Amino acid sequence: MDTAQLVGKATDIRKDILTMITEAGSGHPGGSLSCTDMLTALYFGGVLDHDPADPAKVGRDRFILAKGHGAPALYATLAHAGYFPVEELASLRKLGTRLQGHPDSNLLPGVEVSTGSLGQGLSVAAGLAAGLRLTGEAGCVFTILGDGECEEGQVWEAAMFAAHQRLGRLIAIIDNNELQIDGCIHDVCDPGDLGEKFAAFGWDVVRVDGHDIDALVATLGRLKAAAADEAAPVAVIAATVKGKGVSFMENQAGWHGKAPKAEELEIALAELSAAVA
Amino acid sequence: MVKLASAEAAAQKKATRAAFGATLAELADAGVPVVAVDADLTGSTTTKKLADAGHGDRLFNCGIAEQNMVDVAAGLSLAGNVAFTGSFAVFGTGRAYDQIRNTVCYSNLNVKIAPTHAGISVGPDGGSHQMLEDVSLMRGLPGMRVLVPADYAAARAAIKLAAATPGPVYVRMGRAAVPCVYDDDVELEIGRAYVLREGCDVTIVANGVEIREALLAADVLAERGVSAEVIDAFSVKPLDGETIAASLAKTRCAVVAEEHSVVGGLGSAVCELAAQTCPVPVELVGMRDRFGKSGEFDELLAYFGLDAAAIVEAVEKARSRAGLC
Ligand SMILES: Cc1ncc(C[n+]2csc(CCOP(=O)(O)OP(=O)(O)O)c2C)c(N)n1
Ligand SMILES: [Mg+2]
């Protein structure tokens, strides 16, 4: 896909995210919109080696959404990629759905492991990278973490382990939108500069604009091409805006876990359309 | 008998979690040295109300770090404070279990584990967030007292009791608004169960949101000529063995209903009691060794067999096993 097509895809995903959360009456729009462009780059920018027709393909790249509450973004991405019908997005959070409030790997193809309890995904991703190395299987392990999530001590236990083990095929993207539920991460319990912290733990650190799809595709593609065992794992600090693309949601902690009303959805969809017109 | 809500008050719905921050503020206003330690959920748990009431210095936000939250509370208690922890029940107990066990309980510290959003009341968030094993986890800890309030007034009473009782106490609160059962100013006691409705044909022991279902079930049973005794085992540990065993001896069969796994919770506690004091048939209404899933709260109550209809069915079973029908 060229840039315009990728931007169009990200816009479609954003619209689906908002529509499905509105339909469900609950869910997490803010953090879904902030990680939409990186998911689009991974799945549609030719970064991930994956096959929707064969989700368990040997040698595929693996993706783990550590910040499981971003599920709507992952679901819309997987649906557009062909893992399941786009129509199924309307079932989000309803009784009997495969689209649980947080991703359930027992139910949905394309989900490698269930998430929702923050701070665990990086450890799983590290173990997966170590496991692939052990069995001699190809593939990189990508994960997206929230910046608030990085307040969990376990994230740093995983960071220490991955650097010590030299898990060079592990690429962790930090969705650095600077907001968590109770407000700005620097006001709630400041984790400081996350890039400096990962570097201090022995990781290679790359900084990128988390909404510049070209930059995301180029950066992630380059990192994947260079990834090799026995090297430092890589943290991609993606500067993002929570609620990206919807004026009244951008940088508002209040939109972390609240569904739009029908009128708000209409305005949001119109704004998203206008931005690519 | 304990004072119950008027019919008018009973029609009002309030979440148990709403009592958390409000009661902490009330205690702080009265000079009790309460502190709250939360993990990026001060609005959801309502601990923020402590700060809103002018006690901002008594509220600590650890960010998303539940293990740290519990041990910070432990430290605050060592300096003479009555320390409450928050977060959601799934993370506030499970994520920090070793901190609760090896620091709070093993050292017998004055820490109150008081998370909200327990059980299936978190609905659409799904199984990852529906904590159905917390009572079991907390009940197994030596020295831990376990309280499961049924409504706002009972939650307020539970927070006050926790503050007034030295040592570890677990208070389980929910997200959903539930009908009022007790009078606003009710005072409850740790280790006591409350007979909400007297009956002679079956004992229904329940707590938390299942009190509403148990009372509805008792109405249905009454129409069928079965008189059910409904007991609120708000104190799961210590359990009021005297009140419950006396009821079992009278009715000769029981149903236990809880918004929790049938493994290790109130059902288990009542079975332990019955086996040791008054062996009668006991049927369990609860989550049957499985995880929850996304859905609306009321819809899930029916889906998982936790509603009044399920209690009625369990009563028929218990009575038939006891040879009573
Ligand atoms: C262990 C754990 N604690 C608490 C929560 C509740 N919770 C869900 S999202 C969230 C805030 C996440 O902030 P951040 O990681 O920055 O995500 P984003 O801003 O990208 O939405 C919290 C506290 C959780 N899901 N898991
Ligand atoms: Mg964030």
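B:Pro33 is placed in the loop that runs between α2 (18–29) and β2 (34–38) of chain B. The model to which this residue belongs is predicted. With a relative accessibility of 32%, B:Pro33 counts as partly exposed, because that value falls between the 20% limit for buried residues and the 50% limit for exposed ones. When residues up to four places away in sequence are not counted, B:Pro33 touches B:Arg58, B:Gly80, B:Asn81 and B:Val82. B:Gly174 stands 141 residues from B:Pro33 in sequence, and the C-alpha atoms of B:Pro33 and B:Gly174 are separated by 25 Å in space.

Chain B contains 14 helices and 14 strands. Its radius of gyration is 19 Å, close to the 20 Å given by the globule rule for 325 residues, and chain B is therefore as compact as a globular protein of that length. The C-alpha trace of chain B extends over about 60 × 40 × 40 Å along its principal axes. Of the 325 residues in chain B, 62% are buried. Contacts in chain B between residues at least 6 apart in sequence were also considered, and 80% of these join residues at least 24 apart. The accessible surface of chain B amounts to about 11,400 Å², with 51% belonging to carbon and sulfur atoms. Chain B carries 29 positive and 40 negative side chains, and a distance of 2 Å separates the centres of the two sets.

The secondary structure of chain A consists of 10 helices and seven strands. For this chain the radius of gyration is 17 Å, close to the 19 Å that the globule rule gives for 277 residues, so chain A is as compact as a globular protein of that length. Along the principal axes, the C-alpha trace of chain A spans about 50 × 45 × 35 Å. Buried residues account for 56% of the 277 residues in chain A. Among contacts in chain A that link residues at least 6 apart in sequence, 76% are between residues at least 24 apart. Chain A has 21 positive and 37 negative charges, whose mean positions lie 3 Å apart.

Within chain A, attention was given to the loop between α4 (71–81) and α5 (121–135), where A:Thr97 is found. A:Glu88 also lies in the loop between α4 and α5 of chain A. A:Thr97 has a relative accessible area of 7% and is therefore buried, the limit for that class being under 20%. The side chain of A:Thr97 reaches the backbone nitrogen of A:Leu99 at 2.8 Å. With neighbours within four places in sequence left aside, A:Thr97 is in contact with A:Ser91, A:Leu92 and A:Leu107.

The side chain of A:Glu88 forms a polar contact with the side chain of A:Arg98, at 2.8 Å. Beyond its neighbours within four places in sequence, A:Glu88 is in contact with A:Arg98 and A:Leu99.

Methods
Residues are numbered from 1 along each chain as its sequence is written. Chains are lettered from A and ligands numbered from 1 in the order in which they are written. This is a predicted model: local features need pLDDT of at least 70, side-chain atom pairs count only at pLDDT 80 or more; totals for chains, interfaces and linings use all residues. Side-chain values use heavy atoms; hydrogens and water are left out. Helices (H or I, at least four residues) and strands (E, at least two) are DSSP runs, numbered from the N terminus. Buried means under 20% relative accessible area, exposed over 50%, partly exposed in between (1.4 Å probe, protein chains only). A polar contact is a pair of N or O atoms within 3.5 Å; within protein, one must be able to donate a hydrogen and the other to accept it, and residues adjacent in sequence count only if both atoms are side-chain atoms. Contact means heavy atoms within 4.5 Å. The radius of gyration is taken over C-alpha atoms; the globule rule is 2.2 Å times the number of residues to the power 0.38. Lys and Arg count as positive and Asp and Glu as negative; His and the chain ends are not counted. The place of a charge is taken as NZ of Lys, CZ of Arg, CG of Asp or CD of Glu. Accessible areas come from the Shrake-Rupley method with a 1.4 Å probe; for residues, only the protein chains shown count as cover.
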